[in-house]
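Hi everyone, thanks for coming. Please have a look at the picture on the screen, and I'll walk you through it.

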Amino acid sequence: MTGKKIKELMGLLDEHYPPQPCFLEYREPWQLLFATILSAQCTDARVNMVTRELYVKYPRLEDFAAADIAELEQDIHSTGFYHNKALHIKEAAMVLLEKYGGELPSDIEELTGLPGVGRKTANVVRTHIFNIPSVVVDTHVKRVSRLLGLTDTDDPVKAEFELMKLFPEDHWGALNQQLITHGRQLCISGHPKCGECFLNGICAYAAAGGRREKARKN
């Protein structure tokens with residue numbers, strides 16, 4: 001996509017999706033970390049339902065570090081993959097307490113060194129806690145950016161760096177929220193509403209009549 005088209009895309013996204021708060025609810029920085037871990041293969045709405053009770057039951061990092069793993073698994077059961085998620089949260093709480101004095105590090109290498117934390121989770125924390133411009137590539141961002149013609153990869157790390165090259169740094173945080181919202185409201189997985197989409201005129205998928213994505217699947 002050309003620089004002119006990128007500017008047009010940014011303008012349209014800004015017009016239709018003004019700045020929004022983080023989709024995940026939290027009070028303490030570490031709560032956002034754990035909520036993002038829970039959000040893997042789970043909706044933000046479900047995670048928020050779970051964490052509203054979870055953070056009352058476990059109000060401190062120390063409570064998570066000392067949690068009975070079987071009980072914690074039941075507490076987060078509805079988010080899916082609860083065995084790994086419970087283990088990662090408990091271990092991450094222990095590392096944060098022992099290595100970082102209960103504070104979240106801002107360095108991406110240190111964040112991804114925590115149990116269960118990949119680049120997506122680390123970038124969510126960097127964006128919302130530390131205000132460090134970061135591109136967060138979740139399933140929505142990866143899919144929508146590919147359909148628009150911004151990337152041509154299924155690798156989230158490659159997509160992250162490709163998007164970073166295309167968009168100015170001061171727009172990275174907004175882009176995360178905008179592409180996620182677009183993926184939920186219009187560019188729905190398997191059922192994109194191309195006829196209603198305000199990006200129809202600059203979208204590679206729409207221009208190809210859906211053939212581009214169909215070809216990928218065959």
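Let's start at asparagine 131, which sits in the loop between H8 and helix H9 (139-148). This is a predicted model, and in it asparagine 131 has a positive phi of about 55° although it is not a glycine. Why mention that? Most residues other than glycine have a negative phi. Is asparagine 131 buried or exposed? Over 50% relative accessible area counts as exposed, and asparagine 131 has 65%, so it is exposed.

Phenylalanine 81 is another residue to look at here. You'll find phenylalanine 81 in the loop between helix H5 (69-75) and H6. Its phi is positive too, about 50°, and phenylalanine 81 is not a glycine either. With a relative accessibility of 56%, phenylalanine 81 counts as exposed.

Now let's step back to the whole chain. How many helices and strands does the protein chain have? The answer is 13 helices and zero strands. If you read along the sequence, you get α-α-α-α-α-α-α-α-α-α-α-α-α. The C-alpha trace spans about 55 × 30 × 30 Å along its principal axes. For 218 residues, a compact globule would have a radius of gyration near 17 Å, and this chain has 18 Å, which agrees. Of those 218 residues, 45% count as buried. And among contacts with a separation of 6 or more, 60% are between residues 24 or more positions apart.

How confident is the predictor? The average pLDDT of the protein chain is 94, and 96% of the residues score at least 70. There is a stretch to be careful with, though: over residues 212-218 the pLDDT is below 50, and beyond near neighbours in sequence this stretch has 13 contacts in the model. Where pLDDT is low, the predicted coordinates should not be read in detail.

Next, please find helix H2, residues 29-38. Nine of its ten residues are buried, so to speak, mostly covered. The buried ones are Trp30, Gln31, Leu32, Leu33, Phe34, Ala35, Thr36, Ile37 and Leu38. What covers them? The cover includes helix H3 (44-57), helix H4 (61-65), helix H6 (82-100) and helix H8 (119-128).

Let's follow that last one. Seven of the ten residues of H8 are buried, so H8 is largely enclosed by the rest of the structure. Those buried residues are Thr121, Ala122, Asn123, Val124, Val125, Arg126 and Thr127. Among the elements covering them are H2, H7, H10 and H11.

How do H2 and H8 pack against each other? Their axes are 9 Å apart, at an angle of about 145°, and the crossing is right-handed. On the H2 side the contact is made by Leu32, Leu33, Thr36 and Ile37, and on the H8 side by Lys120, Thr121, Val124, Val125 and His128. Sorted by class, that contact has five nonpolar, three polar and one charged residues.

I'd like to show you a few single residues before we stop. Histidine 171 is in the loop between helix H10 (156-166) and helix H11 (172-185). Is histidine 171 buried or exposed? Buried means under 20% relative accessible area, and histidine 171 is at 7%, so it counts as buried. Not counting residues up to four places away in sequence, histidine 171 touches Met10, Asp14 and Gln178.

Compare that with glycine 101, in the loop between H6 and helix H7 (108-112). Glycine 101 has a relative accessible area of 59%, so it is exposed. Glycine 101 and glutamate 160 are 59 residues apart in sequence, and their C-alpha atoms are 30 Å apart in space.

And here is arginine 184, in helix H11. Its relative accessible area is 36%, so arginine 184 is partly exposed. Which residues does arginine 184 contact, leaving aside its neighbours within four places in sequence? They are Phe23, Asp44 and His140. From arginine 184 to aspartate 138 you count 46 residues along the sequence, while C-alpha to C-alpha they are 12 Å apart in space.

That's my tour, and I'm happy to go back to any part of the picture.

Definitions and conventions:
Residues are numbered from 1 along each chain as its sequence is written. This is a predicted model: local features need pLDDT of at least 70, side-chain atom pairs count only at pLDDT 80 or more; totals for chains, interfaces and linings use all residues. Side-chain values use heavy atoms; hydrogens and water are left out. pLDDT is the predictor's confidence in each residue, from 0 to 100. Contact means heavy atoms within 4.5 Å. Buried means under 20% relative accessible area, exposed over 50%, partly exposed in between (1.4 Å probe, protein chains only). Helices (H or I, at least four residues) and strands (E, at least two) are DSSP runs, numbered from the N terminus. Axes are lines fitted to C-alpha atoms, for helices over the stretch in contact, and angles run from 0 to 180 degrees between N-to-C directions. A crossing is left-handed if the near helix is turned anticlockwise from the far one by less than a right angle, and right-handed if clockwise. Ala, Val, Leu, Ile, Met, Phe, Trp, Tyr, Cys and Pro count as nonpolar, Asp, Glu, Lys and Arg as charged, and the others, Gly among them, as polar. The radius of gyration is taken over C-alpha atoms; the globule rule is 2.2 Å times the number of residues to the power 0.38.
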